[in-house]
2 protein chains.
Amino acid sequence: MEQEIELKSWEVLKALAADDDADQLRAYVKDIGVNETFSAILRLSRDEREKVLTTLSAEDAADFIEEIPDQHAAEMIQKLSAEDAASILSEMESQDQADVIGALSSKQADAVLAEMNPDTAANVQRLSSYAPESAGGLMMSEYIAYSEDTTSGEVIAGLGERGEQESTLGMYVYVTSETGKLSGVVELHSLVLSRHTAPIAFISKPCLSIPEDTSLTDLEAFFDRHAFLAVPVVDRRERLVGVVHRQHVDEALADSAAATYRKSQGIIGGDEIRSQPLLLRSGRRVSWLSLNIILNIISASVIALYQDTLSAVIALAVFLPIVSDMSGCSGNQAVAVSMRELALGIVKPYEIMRVWLQEVSVGCINGLVLGSLLAGVAMLWQGNPYLGLVVGVALALNTVIAVSIGGTVPLFLKRMGKDPAVASGPILTTVTDMCGFFLILSLATLMLPNLITG
Amino acid sequence: MEQEIELKSWEVLKALAADDDADQLRAYVKDIGVNETFSAILRLSRDEREKVLTTLSAEDAADFIEEIPDQHAAEMIQKLSAEDAASILSEMESQDQADVIGALSSKQADAVLAEMNPDTAANVQRLSSYAPESAGGLMMSEYIAYSEDTTSGEVIAGLGERGEQESTLGMYVYVTSETGKLSGVVELHSLVLSRHTAPIAFISKPCLSIPEDTSLTDLEAFFDRHAFLAVPVVDRRERLVGVVHRQHVDEALADSAAATYRKSQGIIGGDEIRSQPLLLRSGRRVSWLSLNIILNIISASVIALYQDTLSAVIALAVFLPIVSDMSGCSGNQAVAVSMRELALGIVKPYEIMRVWLQEVSVGCINGLVLGSLLAGVAMLWQGNPYLGLVVGVALALNTVIAVSIGGTVPLFLKRMGKDPAVASGPILTTVTDMCGFFLILSLATLMLPNLITG
C-alpha cells in the first residue's frame, strides 16, 4: 500500500525554492497567504530563507516583507546581500521602506541605501528620521499632487497613466502652490465636471492638514472627528510632505495596544518570536528580569529586619507571599484602568488627584473584602484572632496603597515622558511589597504578646 | 481687576444643554471631538447627561454614541427613555445598533426595540445574534446590491439618489440572483462605460465572499491577502447578508489587543471607566481578586508544611516571596510571547511540544543567571554557601518550570476554547508558587544540618 505524505508548508517552500521554480513559488505564497508563509519561512535555516526570498521576484518578496512586523522584516532583510535587499526594498511602499531601514543597524542601513536609487534612498532616509508613531513616521510619500496652474484635462490624463494601483487607498488630488505649499484638494467629480482647459486652482477646495509631529493619539482623534480616508501632512513651512491614511493609523493603534500588553509582561527591548536566536531571546528577557530581581531583593530585605518577630510567629511566613501577590494584583488592575483611560483620552496626565480619589474608594471596599477573607482564613487555621487581625489589617491597608500607586503611576510616568506600560509594573510591585511586608511585620511586632500566647 | 474664568468642557456642555441651545451644543461637540465630549459627559450627573443627549438632535447624539466603546454607549442609552433611546439608535449604522443592543440587558433591549421601526428592529435583532468578533458581528447591513436583471442605467440613477454618505467607505455594487444569492460585483468604471440599457449581469464579475461565522483572525488573514476595502458576507445558502469593511476589522483588532492587556491584568467581566458606579467597579474587580486570593492561599499552604525547617532557618522566609515573584515574571514573559505567536498565526494551538522545547532552553539559561545572582546575594548576606545553593537551585529549577507552563498554557487554553488572556496568569502563578515554595523548602529540609551549622 502506498502512503500519501502530506508536505508541510515549510517543506513545500523549501522544495520550490531549491528547484528555482519562481512561478510555482509565487503561486504557492499567494495561495497560503502572508501569515502562513511567515510561519513557514521561520522554520527554514538562514540559507533556505535567503533562497526563498531571492527566488521570488523582488516585487513578490516585497509584498511579503511589507506585511510582516517591521523588526522581523529587518531581520530577514539583513541576512540578504545589500544588493538583493535593495532590490526588494525598492519595490515596497515608502513608509514600509522607512520602517525596515529604521529597524536595521546604521551600518546595514547604509549598505542597503547605497545600492538603491539615490532619490529613493534620500526619501527613505528622510522618512526614517521621524518618530515611528508620529504623522511623519506613518505617512506615505506616494500621493497625487499637482500645482495650481495644471489644467483639469492634464490632471485627468495624468491619473489615467497611473493605473489602478492607488485606487484601493481612496484617491484625493492635492493642489500645491509654486513654493510647494498645500493650497487645497480637488474632488474627483468636480474634476470630471469642470472645464478641462481651466487650471485646477479654480475648482480646488480648502483642505485640512496636520503637522509632521502629530502624535498617534492626535491622529486617532483627527480621524474620529473627520470621516476622511487620508489627511495630508505639511512641514513647518506648510509644504506638502506626505499623506497619512486612516488604515495605517488603525494598524498602528492595534500594534501599539498589543505592544502595551507585551511590555507590561516584561517583553522589553524588541519583540520576540521563538525562532530568533536563543541568546538574543534569553538576553533580552534576562536583562529585564535582572532588574526585577534586584528590586525584589530590596523589598524582601524588609523581611530581614523582622527576623525576631518571624521566629516567634513562624505562621506569618505563610502570609508574606500572599500579601505581596494580592497587592500586585489589585495594583495592576488600577494600572490597566488608567492605561485605558489615558488611551481613550478621558483622563489627562495631570489629573492625578482625581484618579487617586476614585481609586482610593475602590481600594477601601476591596481592601475590606480581601482583608476580612484573609483574616478569617488565618484565624481558622491558627485559632488566634490576633493573627487574623494582623494579616487582615495589613492586606486591607496595603490594598489601598496598591490601588493608589497603580492608578496614579501611569499618569506620573506619562507626564514625565516615560512609557507607562514598561515601568508601572516594577515600580508598583516594589513599593507595595515593601509596604506590605512592613505592615504585616510591624503590626505583628506590636501585638507580639497576643500572637505568642494565642 | 477682573478675573477671566475659563470654563471646562463639561461645564460648557452642561450650560448649553441647560439653555436648550441645540445648535450651539452641536457646534461645540463637533468642535471638541468625540473623545473630549466623552470625557466631559462622564463628569456630568445622570440627569445632566440625559439632558445633553436629548438636547442634541437624534442624529448628532447617534454620531457621538457610535464612536464611544459599546459598553459605555449602552450605559448611556439605558438611562434614557426607551423612546429617546430608540430615536438615537435609529440614526446609527446597523452594526453599531447591534453592538449597543447586544450590550443592554434583554429587558432594556426589548423596550428599545419595541419603539423602533419593526423592520429596523428585526434587522438589529438578527445582527446582534452573531458573535461580536465574527464576520456576522462586524458586518454592516448597509450595502449596495441590485438583482442581475437591473440595467446599468437604473443602477446609476439609484446611486445618484443615495447621495454621498457612503462614499467614504469605498463603493462596491453587488449583484444578486433572484433567490438573493450573491452572483458577482460590478465595478464603477465598467458601470459607467457599459450600455445603460443592458442588465448588469453582463458586466458583473465573480467576487469573493466569506461565511457569517468567519473569525476575526480569519478576517485579518483575508484582508492581508486581498487589497479590498470590504468583503461581502453570505449565509449558508450563499445569500448576501452584509458587508465587512477593512476599517472595522482593523478597529476590532485594536480593541481585541487592548482587551487582552486588560484581561491579563485582572480587569474581567466588562471594561471599567472610573466614572462608573463605585459598587459596579469594586464588585467586578473583587470577584477576580477573590478567586486569586483563594489560589494564593492554596499555594502558600505549601509553606505551612515546612514550618519546622522555616523556624530553624528563618532567613529562608526572605527568599520565599522573591522566588514567587520572579517565577511569575519569567512565566508571564513566556505567556506574552505565546500570545503574540498565536495572534500572528505562526504557532498553532497543537504545537505544544515545539513551544515547550523552545522555552525550556531559554528557561535553562535564564534560570542559571537568576539562580546564580540570588545564590550570590544569599551567600554574602548570611555567609553560608549552602543557603546560597538552596535558594539558587530552587530559583533556577522554578524558572524552567515557570517558562514551561507560561509558554504552553496559552496554547492549551486556546485548544480548549478558553480565553488565554484571562486564565493564563492565575494558572501560571498558582502552579509556580507551589513548585517554588516546595523546591526551596524541601531542598532546605534535605540540607538542614549544613544550613544550621553554617
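Colleague: Two strands pair if DSSP finds at least two bridges between them. What is the order of the open sheet of three strands in chain B?

Modeller: This is a predicted model, in which local features need pLDDT of at least 70, side-chain atom pairs count only at pLDDT 80 or more, and totals for chains, interfaces and linings use all residues. Residues are numbered from 1 along each chain as its sequence is written, while chains are lettered from A and ligands numbered from 1 in the order in which they are written. Strands (E, at least two residues) and helices (H or I, at least four) are DSSP runs, numbered from the N terminus. The pairing in this sheet of chain B is mixed, and the order is 4-5-6.

Colleague: At what angle does helix 14 of chain B run to strand 6 of chain B?

Modeller: Angles run from 0 to 180 degrees between N-to-C directions, with axes fitted to C-alpha atoms, for helices over the stretch in contact. Helix 14 (residues 246-264) of chain B lies across strands 5 and 6 of chain B, and its angle to strand 6 is about 65°.

Colleague: Is E238(B) buried, partly exposed or exposed?

Modeller: E238(B) sits in the loop between strand 5 (230-234) and strand 6 (240-245) of chain B. Its phi is positive, about 70°, although E238(B) is not a glycine. A residue is buried with 20 or more other C-beta atoms (placed from the backbone) within 10 Å of its own, exposed with 12 or fewer, and partly exposed in between. E238(B) has 15 such atoms, so the class is partly exposed.

Colleague: And is D20(A) buried or exposed?

Modeller: D20(A) lies in the loop between helix 1 (9-18) and helix 2 of chain A, and its phi is near 55°, a positive value in a residue other than glycine. With 11 C-beta neighbours inside 10 Å, D20(A) is therefore exposed.

Colleague: How are helix 6 and helix 8 of chain B oriented to each other?

Modeller: The axes of helix 6 (residues 82-90) and helix 8 (residues 106-115) of chain B come within 8 Å and cross at roughly 70°. Angles under 35 degrees count as roughly parallel, over 145 as roughly antiparallel, 65 to 115 as roughly perpendicular and the rest as oblique. Helix 6 and helix 8 of chain B are therefore roughly perpendicular.

Colleague: Which helix of chain A gives the largest share of the side that touches chain B?

Modeller: Residues are in contact if their C-beta atoms, placed from the backbone, lie within 7 Å, and this contact takes 85 residues from chain A and 85 residues from chain B. Among the helices of chain A that each supply at least two residues are helix 2 (22-41) and helix 17 (316-344). The largest share, 19 residues, comes from helix 17.

Colleague: Which strands stand at the edges of the open sheet of three strands in chain A?

Modeller: This sheet of chain A has the order 1-2-3, with mixed pairing. The two edge strands each have a single partner strand, so one side of each is left without a neighbour in the sheet: they are strand 1 (144-147) and strand 3 (182-186).

Colleague: How many bridges join strand 1 of chain A to strand 2 of chain A?

Modeller: I144(A) stands opposite V173(A) in strand 2 of chain A. Strand 1 and strand 2 (residues 173-176) of chain A run parallel, and the bridges joining them number four.

How values were computed
Contact = placed C-beta atoms within 7 Å.
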